[in-house]
Amino acid sequence: MPIPAVASLPIRRLTPRDLTACADLSEDRGWPREEHKWRLLLTAGTGYGIDDPDGGLVAACVVTEYGSGERPDLGAIGMVLVAARHARQGVGRRLMRHIVSAMGTTPLTLYATPYGRPLYEELGFKTTGRSEMLCGHFTPDGQEPRVTTRAATAEDLGPIVRLDEEVFGSDRTPLLARLPAFSDQLRVAMDGGRIVGFAAAWPNMDTQVVGPLIARDTATAKSLICSLAAHTDRPLRTDIDIRHEELLTWAKEHGLASVAMNSVMAYGITELPGDWTRRFAPLTVAAG
């Protein structure tokens with residue numbers, strides 16, 4: 001297709017009906033299809049895409065908005081993809097500019113690969129941190145976890161949402177309300193009858209992704225990971241803020257290996273809200 005034709009194609013909102021086309025686009029770029037994750041993002045967030053006249057999508061991405069007021073406190077951008085046949089034609093830049101304009105004064109964040117970071121920097125995004133992706137079969141050391149954990153119940157959702165808003169810095173109720181159905185496991189860490197952390201493990205192809213991981217301290221984060229690993233035979237995958245050096249070292253000592261590094265970037269703010277000392281891993285890098 002000639003470049004001018006691609007440049008003039010309209011950008012539209014995506015819906016859950018576009019799930020297969022989004023998964024096809026992922027596969028086209030060599031990513032896993034990740035239909036389970038796409039389904040969550042297209043229902044909890046707002047998808048943007050460009051239709052290819054020859055079928056499928058030229059490009060797609062999703063924005064997940066957070067906050068309880070009339071205007072979002074924060075927008076997380078993820079799954080920015082351009083079909084291989086339309087790469088290097090400015091499509092991704094045009095889609096990102098559209099989103100930045102559509103979000104107005106709402107601060108934005110995203111996780112950028114080394115490949116994508118130059119584009120985001122060109123658009124005004126600044127690097128505020130980094131995360132390290134780990135993956136592997138967790139090998140327990142036989143020691144008892146220092147913090148008590150248990151499976152979450154329906155009654156725990158309210159306390160989980162309140163703790164998450166305190167740590168994340170914005171209300172994520174619409175996303176967290178979907179977590180029990182989305183994840184294979186949702187566990188809470190307890191101290192004196194109070195929830196001091198929580199974590200989920202959800203299916204992604206042949207792995208279990210650990211996220212979100214919110215914990216009072218590193219010992220609590222370790223106990224949550226141990227409890228999740230004890231209830232699955234699949235490899236674990238997670239993205240840990242590199243400032244949590246002790247947790248990263250411990251995870252690598254227990255079978256998880258480094259896979260990739262991503263830059264955490266922001267637009268319209270100098271630092272992400274919330275308390276990073278208790279925010280160990282995102283639900284997914286696509287949604288923060």
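Predicted model: local features only at pLDDT ≥ 70, side-chain atom pairs only at ≥ 80, totals over all residues.
**Exercise 1.** Find out how Phe138 and Trp250 are arranged as an aromatic pair, and where each residue lies.

*Solution.* Start with the overall picture: searching the whole structure gives five aromatic pairs. In the pair formed by Phe138 and Trp250, the ring centres are 5.5 Å apart and the planes make an angle of 50°. Next, locate the residues: Phe138 is in the loop between strand 6 (126-136) and strand 7 (148-151), while Trp250 belongs to helix 10 (residues 245-253). The pair therefore links distant parts of the chain, 112 residues apart.

**Exercise 2.** Decide whether Phe182 and Trp202 are buried or exposed, and describe their pairing.

*Solution.* Take the pairing to begin with: Phe182 and Trp202 form a tilted pair, 4.9 Å centre to centre with 40° between the planes. Phe182 sits in helix 8 (residues 179-182) and Trp202 in strand 9 (residues 194-204), 20 residues apart. Now the accessibility: buried means under 20% relative accessible area. Phe182 has 6%, so Phe182 is buried. Trp202 has 0%, so Trp202 is buried too.

**Exercise 3.** Work out which rings the charged end of Arg172 sits over, and which residues ring pairs link into a cluster.

*Solution.* Begin with Arg172: its charged end lies over the ring of Phe168, 3.9 Å from the centre. The charged end of Arg172 also sits over the ring of Tyr66, at 6.0 Å from the centre. Turning to the cluster, ring pairs join Tyr120, Phe125 and Tyr267.

Methods
Residues numbered from 1 in each chain as written. Heavy atoms only, no water. Phe/Tyr/Trp six-rings, centres within 6.5 Å; stacked < 30°, edge-to-face > 60°. Helix = DSSP H or I, 4+ residues; strand = E, 2+ residues; numbered from the N terminus. Buried < 20%, exposed > 50% of the residue type's maximum accessible area, 1.4 Å probe, protein only. Lys NZ or Arg CZ within 6 Å of the ring centre and 35° of its normal.
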